[in-house]
Amino acid sequence: MGALDISLGTDAIVAPHTDVTASPWLPDRTVLEMNGSSQVNESTAKECTQIPIPNEVYLILAGVSLLENLLVIVAVIRNRNLHSPMYFFICSLAVSDTLLSLTKAWETITMSITSANQHLFPEALLNRLDDVYDSLLCISFTASIFNLAAITTDRYITIFHALRYHNIMTGKRVAGVIAAIWVFCTFTGIIMISFAKHNPIVSFFFILFFITLVLIVSLYIFMFLLAQMHARRIRTLPGHVPHRRTNFKGALTLTILLGIFVACWAPFSLHLALFLFCPANPYCACFISLFHIDLIFIMCHSIIDPLIYAFRSPELCNTFKKMFCCFKRRSYLRSSATSTYD
């Protein structure tokens, strides 16, 4: 992220806590500065070799994620049967993933245009664009995490407070939670990039991020343990026939869900931890310089999110089928009308 002296492009600028203001869209180079000094031992410099990722990879991931999440948003809006708290949270998550995909796609296109025509764009304009893109990415990151936390909390209430669910998750409360998430994330994203040089603000963002991650993982583990305890009690009842396949399926689903979540967000979490605790260490700086790899994992998670939370829903799948059938019917009618007119 440019404001954190970490370019989102392939030509990284590694300079934690220094005043490097060069835009990542300016001439190709990699700058290594540790506490204001450019002296780095040769072995560390070799380990900081960048891993180039073609722009096509970003565009393909962004395109797939955009298609999936837009389908979810349109389906939830069109089908009134999906106007429930769980689907509203899923729709909000799809919006945050859409924002991530659009932002990265536009940034990639912008970098391609400006790198080929550098003399046409003032450096101040490029730095301003860099800040805007970084702010949007920061907003999408925080919104994704908070929406995932909201979905996890909703599932917890659904399972363990089923009788009181509709009293707890009222329409006004759900709307208030979603609005609060987006207002807070927008404010946090702008402040985070605008005051990235101030350690207390950066530390607050990192701590909040980790607390939310721990909350999500803890709730899923807690739900799994309570479900297992409930299943044991049921098995002790007379005349009960154990369903080992169902229990195994539930455990497998939770393991896959948590595994994917941890695998996709762990690199970025480590990135934040290193930036907070050892920004001047050469080895930490090497990992920090690979932010674009962390971004690839997060973009992959934005593709997986609809598969986990949306496409497994029978109601949503039926809505998708109706949408496709309606689209095919309209296309057929248009082609028929065109052929008749000709």
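Helix α4 goes past helix α6 in a right-handed crossing. Their axes come within 8 Å and cross at roughly 145°. Keep in mind that this is a predicted model, with a mean pLDDT of 76 for the protein.

**α4 with α6**
- On the α4 side, the contact is made by D131, D134, S135, C138, I139, T142, A143, F146, N147 and A150.
- Facing them from α6 are I181, W182, F184, C185, T186, G189, I190, M192 and I193.
- Sorted by class, the contact of α4 with α6 has 12 nonpolar, 5 polar and 2 charged residues.

**α3 with α6**
- α6 also meets helix α3, which covers residues 85-116; these two axes come within 10 Å and cross at roughly 15°.
- With that angle, α3 and α6 are therefore roughly parallel to each other.
- Here too the crossing is right-handed, with α3 passing α6.
- α3 brings P85, F88, F89, S92, V95, S96 and L99 to the contact, while α6 brings V174, V177, I178 and W182.
- The class count for α3 with α6 is 9 nonpolar and 2 polar residues, with no charged ones.
- W182 of α6 turns up in this contact and also in the one with α4.

**α2 with α10**
- Helix α2 (residues 55-78) packs against helix α10 (residues 291-309) at an angle of about 25°, and their axes are 9 Å apart.
- That makes α2 and α10 roughly parallel to each other, because angles under 35 degrees count that way.
- This time the crossing is left-handed, with α2 passing α10.
- From α2, the residues involved are V57, Y58, L61, A62, V64, S65, E68, N69 and V72.
- They meet H292, L295, I296, M299, C300, S302, I303, P306 and L307 in α10.
- The contact of α2 with α10 splits into 13 nonpolar, 4 polar and 1 charged residues.

**Aromatic pairs**
- The structure holds 13 aromatic pairs.
- One of them is F160 with F222, a tilted pair at 6.5 Å centre to centre with 45° between the planes.
- F160 sits in α4 (residues 123-160) and F222 in helix α7 (residues 199-235), so this pair ties together parts that are 62 residues apart in sequence.

**How confident is the prediction?**
- Across the protein, 75% of residues reach a pLDDT of 70 or more.
- Among the elements, helix α6 (residues 171-194) has the highest mean pLDDT, at 91.
- Strand β1, covering residues 13-14, has the lowest mean, at 35.
- Over residues 4-46 the pLDDT is below 50, and this stretch has 97 contacts in the model beyond near neighbours in sequence.

Methods:
Residues numbered from 1 in each chain as written. Predicted model: local features only at pLDDT ≥ 70, side-chain atom pairs only at ≥ 80, totals over all residues. Heavy atoms only, no water. Axes fitted to C-alpha atoms, helices over the stretch in contact; angles between N-to-C directions. Helix = DSSP H or I, 4+ residues; strand = E, 2+ residues; numbered from the N terminus. Parallel < 35°, antiparallel > 145°, perpendicular 65-115°, else oblique. Left-handed = near helix turned anticlockwise from the far one by under 90°. Contact = heavy atoms within 4.5 Å. Nonpolar A, V, L, I, M, F, W, Y, C, P; charged D, E, K, R; others polar. pLDDT = per-residue confidence, 0-100. Phe/Tyr/Trp six-rings, centres within 6.5 Å; stacked < 30°, edge-to-face > 60°.
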